[in-house]
Protein chains: 2
Amino acid sequence: MGKAETVSYRDVKRIAVERILNGIWAPGSVLPAETEIAKEFACTRTTVNRAMRELADEGYLERKRKAGTRVRPSPLRQAKLAIPLIREEIEATGARYRYARVSREGLAAPDWLAARLGLEPGAAVVHLTAMHYADDRPFAFEDRWINVAAVPAVAEEGFEDLGPNEWLVQQIPYTEAAFSFGAVAADARLAEFLGVAAGAPLLSADRMTRFREVPVTFAVFYFLPGYRVRTDT
Amino acid sequence: MGKAETVSYRDVKRIAVERILNGIWAPGSVLPAETEIAKEFACTRTTVNRAMRELADEGYLERKRKAGTRVRPSPLRQAKLAIPLIREEIEATGARYRYARVSREGLAAPDWLAARLGLEPGAAVVHLTAMHYADDRPFAFEDRWINVAAVPAVAEEGFEDLGPNEWLVQQIPYTEAAFSFGAVAADARLAEFLGVAAGAPLLSADRMTRFREVPVTFAVFYFLPGYRVRTDT
DNA sequence: CAGTGGTCTAGACCACATG
DNA sequence: ATGTGGTCTAGACCACTGT
């Protein structure tokens with residue numbers, strides 16, 4: 001009658017989550033062994049294993065050999081952030097994106113930057129500032145430093161037309177990045193460029209990027225008051 | 001001579017990432033079919049499949065049935081955020097955590113809240129405000145609304161000693177949450193509680209929580225200037 | 001030591017999307 | 001129509017770790 005032919009790992013996941021939510025598998029308690037569950041569901045252990053592995057990834061379960069699988073006493077809270085790629089973010093709203101370079105300068109890394117990136121003091125860097133507009137309204141101000149040793153071609157690039165992010169993605173597509181978010185008050189320069197009052201609260205987003213452990217770039221974006229970063233979920 | 005006995009999906013992943021970073025498998029290009037790769041690595045397709053599936057999860061690859069596996073033209077940037085559980089965050093720094101309720105009030109949901117949570121207008125809610133201290137210095141101000149229908153026991157709870165987050169986790173351990181971050185200026189009340197000047201830039205973190213689609217709670221946390229949220233990576 | 005999860009193999013069928 | 005990934009089965013050996 002039913003259409004059940006084979007049991008999918010999705011089925012196992014669904015039912016397992018149901019049991020966790022219902023408290024049938026209570027927080028902290030140990031689940032039956034994979035072989036047991038496989039027997040109950042009439043599927044192979046491989047299938048159960050995949051289901052349980054994913055549930056562990058998702059923060060529901062904790063697994064240890066010999067000790068077994070247990071329901072996380074307090075659920076692991078994790079959220080995925082989609083990284084704001086400014087151009088796409090603006091165009092997704094239907095607005096027209098515009099980039100404008102403010103300044104570009106090659107110089108020796110100041111101490112704070114060298115310390116932050118782990119560069120030798122005085123290493124060559126390029127300092128770049130730029131504005132991003134949505135339909136000609138200010139959207140974000142970018143303040144970026146690029147490690148010349150990591151991307152020698154940056155010495156020849158003026159960034160007049162192409163934003164540094166898009167340029168860098170062409171040069172070094174795959175990098176590791178660390179982010180942080182905070183609130184800062186607009187100083188006179190930021191206030192002018194963003195068209196807000198001095199002291200206005202801005203969301204600042206730092207981004208540190210490495211390629212094979214080598215620091216590539218450190219960028220700070222300042223967003224207009226009211227802008228929010230959201231999780232996908 | 002070598003110790004190679006079997007090929008692990010980790011080996012496949014490692015080598016695949018290496019090839020992507022080296023440009024051997026260039027952005028946008030199509031990889032050989034799983035059966036081909038399995039032949040090359042002298043392992044089963046199952047093993048290749050797991051490696052490729054995880055690399056797709058991690059943002060390196062894009063997979064489609066028939067079309068095959070290709071290297072993401074521009075890498076998918078995603079970051080994992082560990083959710084700030086204030087008590088743990090404070091205690092992790094070695095500071096002493098202290099919670100203090102500011103106010104608690106049962107009332108009908110105001111329109112903006114009903115709209116935001118998807119409640120019927122006038123639904124019963126509890127409004128709670130509280131302070132979180134680190135070593136008796138202000139750390140964050142919490143402004144929270146709880147849907148009584150989702151957690152009837154909240155009607156009996158005063159939150160004098162136990163913070164709402166910890167209480168809620170006991171009541172409903174497994175929930176779905178959506179977050180957003182932004183910058184706001186401290187109003188007079190926030191300035192007083194946090195010990196900063198009015199207008200100071202504060203990081204605000206919203207958190208909307210549901211259980212089986214039912215809205216449970218909406219909370220906003222305001223953090224002192226200087227506070228930053230970081231990704232794990 | 002012994003039990004549990006971690007992983008690989010070998011083979012099969014299926015679903016989907018492209019041409 | 002056909003090729004590619006998606007998934008399941010059945011069985012095996014191994015690695016870790018609690019007792």
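Author: In this predicted model, E8(B) and E9(B) form a hairpin with two residues between them. Arg212(B) sits in that turn and has a positive phi of about 50°.

Now the DNA. DNA strand D is surrounded by 22 residues, and the closest are Ser8(A), Tyr9(A), Arg10(A), Arg45(B) and Arg63(B). Three of these arginines can be described by their contacts. Arg10(A) has a polar side-chain atom 2.5 Å from a phosphate oxygen of DNA strand D. For Arg63(B), too, a polar side-chain atom lies 2.5 Å from a phosphate oxygen of DNA strand D. Arg45(B) has a side-chain N or O atom 2.4 Å from a base oxygen of DNA strand D. Among the atoms of DNA strand D within 4 Å of the protein, 63% belong to sugar or phosphate, and the rest belong to bases. H3(A) gives the most to the surface near DNA strand D, with four residues. By class, that surface has four nonpolar, seven polar and 11 charged residues.

DNA strand C has 23 residues around it, and the closest are Arg45(A), Arg63(A), Ser8(B), Tyr9(B) and Arg10(B). A polar side-chain atom of Arg45(A) is 2.4 Å from a base oxygen of DNA strand C. Arg65(A) places a side-chain N or O atom 3.2 Å from a sugar or linking oxygen of DNA strand C. Arg45(B) has a side-chain N or O atom 3.3 Å from a base nitrogen of DNA strand C. Of the atoms of DNA strand C within 4 Å of the protein, 62% are in sugar or phosphate and the rest in bases. H3(B) gives the most to the surface near DNA strand C, with four residues. The class counts for that surface are four nonpolar, seven polar and 12 charged residues.

Definitions and conventions
Residues numbered from 1 in each chain as written. Chains lettered and ligands numbered in written order. Predicted model: local features only at pLDDT ≥ 70, side-chain atom pairs only at ≥ 80, totals over all residues. Heavy atoms only, no water. Pairing = 2+ DSSP bridges. Near = heavy atom within 4 Å. Polar contact = N/O pair within 3.5 Å; in protein donor to acceptor, adjacent residues only side chain to side chain. Nonpolar A, V, L, I, M, F, W, Y, C, P; charged D, E, K, R; others polar.
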